[in-house]
Structures are given as C-alpha cells and as structure tokens.
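I opened the notebook with the model on screen.

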Amino acid sequence: MKLQLLTIYLLLSLSTWSQELFAVTEPASNRPAGSIGFRVDNSVMDELGTYTINYHLIPEIMLGLSKKLMVSGNVFFSNRSDVLKIEGGSIYAKYRFLSNDMLQKHLRMAVFGRISYNNSDVHQEEIAMYGHNTGVEVGVVATQLLRKVAVSSSVSYVKATDNGNNNKFLYGLDNSKALNYTFSIGKLMLPKEYKNYRQTNVNLMLEFLSQMNMGSGNYYVDIAPTVQMIFNSQSRVDVGYRKELHSTLLRTAPNGVFVRLEYTLFNAFKPLSR
Amino acid sequence: MASDSQVTRVFFQASGLTCSMCSNSINKSLRTLDFVDKITADVRNYTFEVSFKDGSNVDFDRIKKKVEDAGFSIGDFKATIYLSSNQLAGDQTIKIGTSTLLIVNGKDQTLHGDIIVRFLDKGFVSSKEYKASSISKSSTEAGNYHVRI
C-alpha cells in the first residue's frame with residue numbers, strides 16, 4: 001500500500017499535462033455530441049491454476065447523443081468454452097450532471113448505468129458486468145482535471161442475476177450484490193508542447209479497481225497501468241496490464257494484458273439539443 | 001444602421017480541456033456551421049480564431065452551442081466587427097445581422113471601422129465571471145448581447 005501511495009504522489013508531483021481518457025474506467029466527461037465512437041477491447045487473461053488463456057473480445061459502438069448524454073452498446077465474445085463465441089452484450093449510458101469548467105481545468109460529475117446479459121457459466125464470485133455476468137450496474141463518477149493531472153473516482157452498485165442458458169448465479173442471493181470502487185490517475189507524457197492535431201499523444205494511466213461483495217464482505221483490489229497513444233487527435237490505442245494486488249473473492253482469471261483500439265467519427269449525426 | 005457592417009472574425013478561448021483530442025472535437029464541431037469560413041486553432045493555448053463567409057449572418061449562440069456540444073465551455077469571447085458608419089457607444093446598440101449588441105461602456109465615444117468587442121453574457125465568459133457581473137441580473141433576449149469595447 002505504501003508503494004501505491006508513493007506512486008500516486010510521484011504522478012501528482014511530476015506531471016505537467018494530463019489526460020482523462022482512462023483505459024479501464026470511464027471519466028465523468030462525455031463524448032462529443034453527435035459523435036460515433038468505435039471501440040474494440042481485447043483482453044488476454046491468465047486462468048489461475050491452469051495453462052489456459054482466456055481471451056475476451058468486446059466490440060463496442062458509442063454515441064454522443066447530446067453534450068450531457070452518451071449511450072453505448074457492445075457484444076461479448078470469449079473463448080472460455082474452447083472456441084471463440086458470442087456470450088452476450090450490454091447497454092451503457094452516462095449522464096453528466098455537473099460541469100464546472102475553468103481554463104485548463106474542470107470538475108465534472110456523471111451518473112452511469114449498465115444492463116448486461118451473458119449466457120456463459122458463472123464461474124467466479126466476483127461480479128463483472130463487462131463480459132461475465134447478467135445483471136445491472138449503477139454508479140456515480142467524479143473527474144477533476146487540475147491543469148497538471150486528471151484524477152477520477154467512481155462508486156457503483158452491481159447486482160447479478162442468473163446468466164442465460166440456465167446458468168445460475170451460484171453464490172446465493174445475499175452474495176449477488178457488490179460495490180465497486182475505482183480510482184484513476186492520468187498524465188500526458190508526450191508531446192511536451194502542443195503544436196498541432198497530428199502530434200501523437202502518449203499518456204500514462206494508473207488505475208485502482210476494487211470490489212466488495214455486500215453479502216460475504218469479500219473483496220479484491222487490482223492495479224492497472226496503461227500506456228495510451230492518441231493518433232491524429234482521433235484514434236487511440238491503449239495497452240495495459242491488470243494485476244490483482246489482493247483478493248479474498250473467488251476469481252478465475254484476474255491477471256492479464258488488454259489492448260483497446262478506438263476511433264472517433266466527429267459530427268456523424270445531429271445531436272439532441274439538450 | 002448601416003447594412004454593410006459585418007462581423008469579420010471571432011476569437012475565443014475554450015475552457016475545461018487540456019488535450020488535443022478535446023480541442024479537435026471543438027474544431028470539428030465548429031466546421032459544421034454554414035457561416036464559418038476558416039478556423040485557426042492554437043492547440044497550445046486552447047484558443048480559436050474563426051473567420052466567416054462574406055455576407056453571412058454570424059450567429060454567436062450557435063458558435064457557443066458548438067463548443068458546448070463538444071463537451072466544453074467558452075472562457076473568453078471577442079469579436080472583431082467592421083462598422084461602415086459612425087456609431088455612438090453607451091446607450092447605443094449596434095445591430096449586426098440578426099444580433100443586437102448592447103455596449104455597456106465607453107459612453108459618447110464615436111465608433112467607426114474595425115472595433116473589438118468582448119461578450120459578457122452567460123456562456124461567453126466563465127461561469128464565475130458571469131455570476132459576479134451585473135449582467136446576470138438583467139434579462140437578455142435571444143440575439144441580444146451585452147458587450148464591452
């Protein structure tokens with residue numbers, strides 16, 4: 001824990017610019033109104049106690065419906081049943097209700113929710129709405145851009161139900177609810193000085209992800225460092241690693257590498273006026 | 001009122017961002033306005049200079065809305081206006097296209113040629129400045145703007 005605090009302190013004190021386009025969590029800021037974003041998430045997770053690699057592929061489409069509201073939809077593929085096949089999908093929405101902008105800084109807050117469907121077997125006590133469980137998630141996120149650094153934190157509530165294909169949630173009704181906590185920090189490394197939109201931006205992100213089961217009280221804490229590159233102020237590649245720091249929850253494959261590809265099409269449709 | 005007075009360009013600073021992708025989203029959003037001719041973005045200072053097509057009606061509210069649609073706000077907004085005939089500042093208003101500019105200072109000063117005005121209304125200055133100003137107590141109709149010369 002000392003090491004983590006030191007890392008946060010170093011990031012806070014060293015940075016000159018920042019980014020908040022985090023790799024694992026979403027910031028309170030929204031996507032540009034009228035834009036369409038295309039995203040492909042790949043994660044390669046090491047299944048504990050086996051030689052098996054779990055590959056998850058999640059393509060997603062994101063719409064900036066208005067300056068305050070975005071929605072997205074995605075489809076979950078994985079090879080957990082030996083072949084890569086579709087297992088479900090989710091719909092996500094985020095509404096920004098607070099925006100306090102100043103020159104080179106802002107404080108924003110948003111509420112978000114996700115409804116997920118998954119037909120794979122339930123194989124872990126951890127509840128994950130992004131590719132594992134059927135259920136819902138609702139939460140609130142606050143993001144502060146402080147000229148030099150972007151810091152974001154969220155709290156959300158997740159409720160798992162039985163998965164599709166008659167795959168029951170195995171851990172009992174009491175353990176089907178959990179709270180997620182996240183803390184993210186981002187820093188721009190390159191360019192040292194902005195000159196034009198074609199410069200490649202390189203960002204470093206460090207995210208802490210935690211879940212506590214409301215029934216059993218079991219929890220985990222993960223760390224996820226990410227290197228992000230933004231090309232032409234329009235497309236983005238994130239390469240990161242997620243590592244369990246501590247867990248009392250039963251989890252199948254908490255550690256692994258992820259690669260996210262994203263492209264934004266600006267002014268793709270006429271946004272809502274509010 | 002002279003009919004050939006016109007807004008030649010506006011210059012504004014966007015707030016709430018420090019990334020080039022964010023600045024680009026403002027840039028792309030402004031390009032969809034039919035009266036916009038050219039946008040020069042200073043990525044380092046988050047400032048934008050926008051020039052307009054000849055004879056077009058410059059809609060300041062639509063410019064503001066495009067910045068907000070991109071997810072940000074305006075912190076400072078100035079317009080360069082060419083006045084073809086003498087106008088009096090003070091109580092005098094300048095009518096330009098469908099907009100009416102109410103000049104809050106420089107009473108009895110004669111204006112002619114290129115003048116630069118700074119907008120004071122909500123959404124054209126930081127919310128902090130707007131709340132502290134006397135403009136926030138007066139009502140503004142659509143298309144009417146309080147400006148300082």
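**Entry: Ala93(A)**

I looked up what Ala93(A) touches, setting aside neighbours within four places in sequence. The contacts are Met70(A), Val71(A), Val111(A), Phe112(A) and Gly113(A). I note here that this is a predicted model.

I then asked which element holds Ala93(A). The residue sits in strand S4 of chain A, which covers residues 83-102.

Next I took the C-alpha distance from Ala93(A) to Leu69(A). I got 7.3 Å, for two residues that are 24 apart in sequence.

Is Ala93(A) buried, exposed or partly exposed? The relative accessible area is 29%. Buried requires under 20% and exposed over 50%, so Ala93(A) is partly exposed.

**Entry: backbone checks on chain A**

I went through the torsions. As background, most residues other than glycine have a negative phi, and most peptide bonds are trans.

Asp82(A) has a positive phi, near 80°, and is not a glycine. I found Asp82(A) in the loop between strand S3 (69-81) and S4 of chain A. Its relative accessibility is 73%, so I logged Asp82(A) as exposed.

Asn232(A) also gave a positive phi, near 60°, again in a residue other than glycine. This residue lies in the loop that links strand S10 (219-231) to strand S11 (235-247) of chain A. Asn232(A) has a relative accessible area of 40%, which makes it partly exposed.

Which peptide bond did I log as cis? The bond from Leu190(A) to Pro191(A) is cis, with omega near 0°. I placed Pro191(A) in the loop between strand S8 (177-190) and strand S9 (201-213) of chain A.

**Entry: chain A as a whole**

I listed the secondary structure of chain A. I counted one helix and 12 strands. The order along the sequence is α-β-β-β-β-β-β-β-β-β-β-β-β. The radius of gyration is 18 Å, close to the 19 Å that the globule rule gives for 274 residues, so chain A is as compact as a globular protein of that length.

I took the spans along the principal axes. The C-alpha trace of chain A covers about 55 × 45 × 35 Å.

Burial came next. Of the 274 residues in chain A, 53% are buried. I also checked contacts in chain A with a separation of 6 or more. Residues 24 or more positions apart account for 59% of them.

The accessible surface of chain A is about 12,400 Å². Carbon and sulfur atoms hold 65% of that surface. I counted 28 positive and 21 negative charges in chain A, and their mean positions are 12 Å apart.

**Entry: chain B as a whole**

The order is β-α-β-β-α-β-β-β-β-α-β. The radius of gyration of chain B is 15 Å, close to the 15 Å from the globule rule for 149 residues, so this chain is as compact as a globular protein of that length.

The C-alpha atoms of chain B fill a box of roughly 45 × 35 × 25 Å along the principal axes. Of its 149 residues, 51% count as buried. I took contacts in chain B between residues at least 6 apart in sequence, and 67% of these join residues at least 24 apart.

I put the accessible surface of chain B at about 6,800 Å², with 46% belonging to carbon and sulfur atoms. Chain B carries 19 positive and 17 negative side chains. The centres of the two sets lie 6 Å apart.

I searched for the largest nonpolar core. It has 45 residues. Which members touch the most other members? I wrote down Val10(B), Phe12(B), Ile26(B), Phe60(B), Ile63(B), Leu101(B) and Phe119(B). Strand S4 (residues 73-88) of chain B gives the largest share of this core, five residues. In soluble globular proteins, nonpolar side chains tend to be buried together.

I picked out Phe60(B). Beyond four places in sequence, its contacts include Val7(B), Val10(B), Phe77(B), Leu101(B), Phe119(B) and Tyr145(B).

Last, I looked at helix H1 (residues 20-30) of chain B. It is mostly covered, with 10 of its 11 residues buried. Among the buried residues are Met21(B), Cys22(B), Ile26(B) and Leu30(B). Ser20(B), Asn24(B) and Asn27(B) are on that list too.

Terms used: Residues numbered from 1 in each chain as written. Chains lettered and ligands numbered in written order. Predicted model: local features only at pLDDT ≥ 70, side-chain atom pairs only at ≥ 80, totals over all residues. Heavy atoms only, no water. Helix = DSSP H or I, 4+ residues; strand = E, 2+ residues; numbered from the N terminus. Rg over C-alpha atoms; globule rule 2.2 N^0.38 Å. Buried < 20%, exposed > 50% of the residue type's maximum accessible area, 1.4 Å probe, protein only. Contact = heavy atoms within 4.5 Å. Areas by Shrake-Rupley, 256 points an atom, 1.4 Å probe, with all protein chains shown as cover. Lys, Arg positive; Asp, Glu negative; His and termini not counted. Charge placed at Lys NZ, Arg CZ, Asp CG, Glu CD. Core = buried A, V, L, I, M, F, W, Y, C linked by side-chain atoms within 4.5 Å.
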